[in-house]
Amino acid sequence: MKVSRKILGLACVLAAFATGAEAKTYKLAHNVQPDSTAGYMLSEFAERVEEGTDGRVKIKIFANGVLGDQLDYFSQIQKGVIDLGLVNSAALENVIPAYGVVNLPYIFRTSEEYGAVMADPGVKAALFDEAGKHSFVPLGFLSSGFRSIYTTSPVASVDDLQGKKLRTMSSETYIEMLDRFGTVPTPLSFGELYSGLQQGVVDGAEGGLAGLWSAKFGEVAKYALETEQTRLTDFVVASQKFEDSLSAEDLEVVNSVFADISARSIEIADRSEAEDLQKAVDQLGVEVIQIDKEPLMKSVEPMYAEAAEDPGKAALLEAIFAIEGRELN
């Protein structure tokens with residue numbers, strides 16, 4: 001029996017040398033709740049990668065911003081200190097201007113348009129090819145559903161939004177959008193939003209309506225406006241160090257698993273958003289308000305003209321409009 005164990009141990013060592021990889025644990029940072037849609041999908045990603053690599057690649061997830069906000073841990077990914085992270089298109093826009101195009105309000109009017117654009121090889125190339133120059137490697141995207149507006153006081157029309165302080169991310173595109181809506185854009189970290197709503201620092205926020213339930217914002221913001229102005233995209237990005245440390249076989253597993261999860265994320269996000277919003281209605285007393293989106297769409301049209309004149313954005317904007325069958329006026 002002892003001889004058999006030695007032989008088995010030697011076989012395992014030889015197998016490790018043969019694959020060129022030893023078991024290693026990597027850090028993945030994100031700033032959302034573990035039970036959110038993105039949280040579930042990232043947990044599935046980690047489990048399937050470990051299984052697919054026979055335990056050679058283990059991913060330890062640090063959720064809820066315990067390693068900092070997105071900009072904090074993104075800089076650590078670029079330095080190779082953290083291996084992987086969830087970084088949204090608003091944060092990446094500050095590094096690569098092309099990401100600002102997918103942040104434009106009403107650039108995606110339906111889930112079908114969004115899916116067709118994000119699956120297009122040319123769009124992927126425009127978003128991903130510049131990443132190496134900035135010391136990160138995109139694995140792909142996770143859809144997080146349409147973003148709308150929620151407030152702490154009743155809103156019946158676009159006119160009622162005028163002058164309201166709405167929380168937004170530190171993104172030039174999002175700030176300009178809310179300004180054109182007639183609101184007062186107020187950059188605030190996600191972790192400070194609940195207290196900001198509670199204390200009146202902001203009158204509402206621009207974000208996914210699922211957060212009214214998953215982050216319990218619906219305890220203080222009771223009015224959900226289905227404005228659906230943007231479809232913020234989350235990207236999972238890796239350090240160059242992470243990619244270089246993997247064998248070709250294990251890197252193929254990582255990419256294959258994420259590609260599958262990415263493709264399913266649109267349907268999962270839409271379903272989850274609807275379910276969480278309904279929970280906010282049923283259990284937190286949130287009121288869903290249908291609002292005429294046409295004035296909002298009209299107000300942001302100049303943003304397309306601005307993007308069309310930007311060399312870093314024009315080609316991608318034209319490609320997206322071509323896919324959607326729209327004309328750039």
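Visitor: In what order do the strands of the open sheet of five strands lie?

Guide: In this predicted model, local features need pLDDT of at least 70 and side-chain atom pairs count only at pLDDT 80 or more, while totals for chains, interfaces and linings use all residues. Residues are numbered from 1 along each chain as its sequence is written, and side-chain values use heavy atoms, with hydrogens and water left out. Strands (DSSP E runs of at least two residues) and helices (H or I runs of at least four) are numbered from the N terminus, and two strands pair if DSSP finds at least two bridges between them. With mixed pairing, the open sheet has the order β2-β1-β3-β10-β4.

Visitor: Which are the edge strands?

Guide: An edge strand of this sheet pairs on one side only. That applies to β2 (57-62) and β4 (137-143).

Visitor: By what angle are neighbouring strands of this sheet turned against each other on average?

Guide: Axes are lines fitted to C-alpha atoms, for helices over the stretch in contact, and angles run from 0 to 180 degrees between N-to-C directions. For neighbouring strands of this sheet, with direction ignored, the average is 25°.

Visitor: In β10, which residue is the bridge partner of glycine 140?

Guide: β4 and β10 (residues 233-238) run antiparallel and are joined by six bridges. For glycine 140, the partner in β10 is valine 236.

Visitor: How many residues of β4 are buried?

Guide: Buried means under 20% relative accessible area, exposed over 50% and partly exposed in between (1.4 Å probe, protein chains only). Helix α12 lies across β2, β4 and β10, at about 25° to β4. β4 is largely enclosed by the rest of the structure, because its buried residues number seven of seven.

Visitor: Which residues have the most contacts inside the largest nonpolar core?

Guide: A nonpolar core is a set of buried Ala, Val, Leu, Ile, Met, Phe, Trp, Tyr and Cys residues joined through side-chain atoms within 4.5 Å. The largest has 80 residues, and its largest share, eight residues, comes from helix α12 (residues 248-284). Contact means heavy atoms within 4.5 Å. Inside this core, the residues with the most contacts are Phe45 and Leu84.

Visitor: Is arginine 326 buried or exposed?

Guide: Arginine 326 is placed in the segment after α15 (314-324). Leaving aside neighbours within four places in sequence, arginine 326 is in contact with Tyr106, Ile107, Arg109, Tyr304 and Phe321. Its relative accessible area is 18%, so arginine 326 is buried.

Visitor: Which side chain makes a polar contact with the side chain of arginine 326?

Guide: A polar contact is a pair of N or O atoms within 3.5 Å; within protein, one must be able to donate a hydrogen and the other to accept it, and residues adjacent in sequence count only if both atoms are side-chain atoms. A polar atom of the arginine 326 side chain lies 3.1 Å from the backbone oxygen of isoleucine 107. At 3.0 Å, the side-chain partner is glutamate 324.

Visitor: Is alanine 322 buried or exposed?

Guide: Alanine 322 is found in helix α15. Because its relative accessibility is 59%, alanine 322 counts as exposed.
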